[in-house]
Amino acid sequence: MRDEILYLDRNENYYGPAPACFDILKNADISKISCYSKSFTKGSKSILAARLAEEFDLPENRIVLGYGAEDILKQAVQCYLSNGAKLLVPTYSWWYYKAIADEVDGVNVEYPIEKGENTFYYNVDKLLDLYRKEKPGMVFISAPNNPTGNAIEEGQLLRILDEINDAIIVIDEAYAYDGFVERANLVRKYPNLMVVRTFSKYFALAGLRIGYAVIGDNISKLVKFTNRYLGYNRLNEEIAIAALDSGEYYKQVAEKMAADRKMFTEELSKFPGFTVFESHANFMLVEIPESVKEGLKKHLDSRNLIIKFMNEEVLNHHLRITLGTQEQNKELIEAMKEYFA
């Protein structure tokens with residue numbers, strides 16, 4: 001049995017950040033800690049915002065920085081959702097989506113993510129029907145979605161963007177594992193669109209809490225609402241830029257995770273009654289027989305292997321397994337095989 005607990009229930013990236021990120025920490029100029037950012041002297045909000053603007057070939061005022069993606073989601077809702085206004089959120093989604101509207105006395109309306117044979121999917125027809133009926137102020141789309149792991153097809157997304165033109169659409173791409181998707185460039189065409197990303201998952205910097213959004217023309221109010229006039233965390237910005245400069249490292253990690261998603265699908269599908277759902281994220285959702293839930297949890301806990309046993313209204317006999325390193329993933333599979341032997 002392993003000595004230390006392995007937490008494969010928080011969707012963290014166990015490969016860790018690129019070596020260049022550690023170089024920033026080792027060689028940090030400590031004089032910066034006592035001084036505010038001087039980016040304003042160059043007409044900029046921050047070195048990270050400027051770098052992201054360069055990545056997307058957009059003006060810097062179309063980049064919003066925050067304390068992780070959740071901070072940006074929260075501020076967007078507080079900025080745009082008034083008392084009694086409605087927020088459309090997907091079913092089978094992160095609990096925070098369903099709580100965030102409450103903070104401004106808004107109203108949640110759930111639209112369906114539906115279960116297929118081995119994947120979940122967005123039901124765009126029903127989403128649009130609800131939009132016409134409920135007239136929400138904001139619509140959240142999670143791609144990939146937590147905890148189901150499904151993405152949204154590009155054609156489906158474009159249909160949504162074309163038909164929803166009087167509400168703010170927020171695409172939460174916290175779990176996107178393909179680097180910089182061209183999706184962010186859709187803000188050029190759709191002024192009510194906001195694409196949110198984080199450095200927590202793909203870049204393995206969850207502890208630094210760095211998030212950003214790329215926004216359309218009609219969301220300029222959010223820039224003033226979220227503005228930090230004294231700048232951002234100077235050291236964190238440099239680390240984030242080092243991550244952006246380490247594309248090859250993260251590409252290799254993403255390839256390992258893709259291989260392990262395939263491995264998990266093949267191995268877990270061999271267990272009786274298990275259904276493994278297709279995932280585009282750094283976790284897998286697995287439906288299991290209710291009868292094995294308690295015993296399997298005790299078995300894995302006793303081996304210091306912690307995965308998430310879902311206990312929600314609609315997902316109550318499911319596992320959500322965070323992808324660890326390839327060695328950690330094999331260790332988990334072997335422990336599960338031992339239970340079913």
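1. Which residues have the most contacts inside the largest nonpolar core? They are Leu 268, Phe 274 and Leu 319, in a core of 87 residues. A nonpolar core is a set of buried Ala, Val, Leu, Ile, Met, Phe, Trp, Tyr and Cys residues joined through side-chain atoms within 4.5 Å; buried means under 20% relative accessible area, exposed over 50%, and partly exposed in between (1.4 Å probe, protein chains only). Helix α9 gives the most to this core, with seven residues.

2. The model is predicted: local features need pLDDT of at least 70, side-chain atom pairs count only at pLDDT 80 or more, and totals for chains, interfaces and linings use all residues. Residues are numbered from 1 along each chain as its sequence is written, and side-chain values use heavy atoms, with hydrogens and water left out.

3. Five strands form an open sheet with mixed pairing, in the order β1-β13-β14-β12-β11. Strands (E, at least two residues) and helices (H or I, at least four) are DSSP runs, numbered from the N terminus, and two strands pair if DSSP finds at least two bridges between them. The edge strands, β1 (6-8) and β11 (275-276), each pair on one side only. Strand β1 pairs with β13 (residues 305-309) in the parallel sense over three bridges, and Leu 8 stands opposite Ile 307 in β13.

4. Helix α11 (residues 326-340) packs on the sheet and touches β1, β13 and β14, with its direction at about 75° to that of β13. Contact means heavy atoms within 4.5 Å; axes are lines fitted to C-alpha atoms, for helices over the stretch in contact, and angles run from 0 to 180 degrees between N-to-C directions. Helix α9 (residues 247-268) lies across β11, β12 (283-287) and β14 (318-322), running at about 15° to β12.

5. The structure holds 20 aromatic pairs. Rings of Phe, Tyr and Trp (its six-membered ring) pair if their centres lie within 6.5 Å; planes under 30 degrees apart count as stacked, over 60 as edge-to-face and the rest as tilted. Tyr 202 and Phe 203 are edge-to-face because their ring centres are 4.9 Å apart and their planes stand at 85°. Tyr 249 and Tyr 250 are also an edge-to-face pair, 5.0 Å centre to centre with 85° between the planes.

6. Is Tyr 250 buried or exposed? Tyr 250 counts as buried, at 1% relative accessibility, whereas Tyr 249 is partly exposed, with a relative accessible area of 22%.
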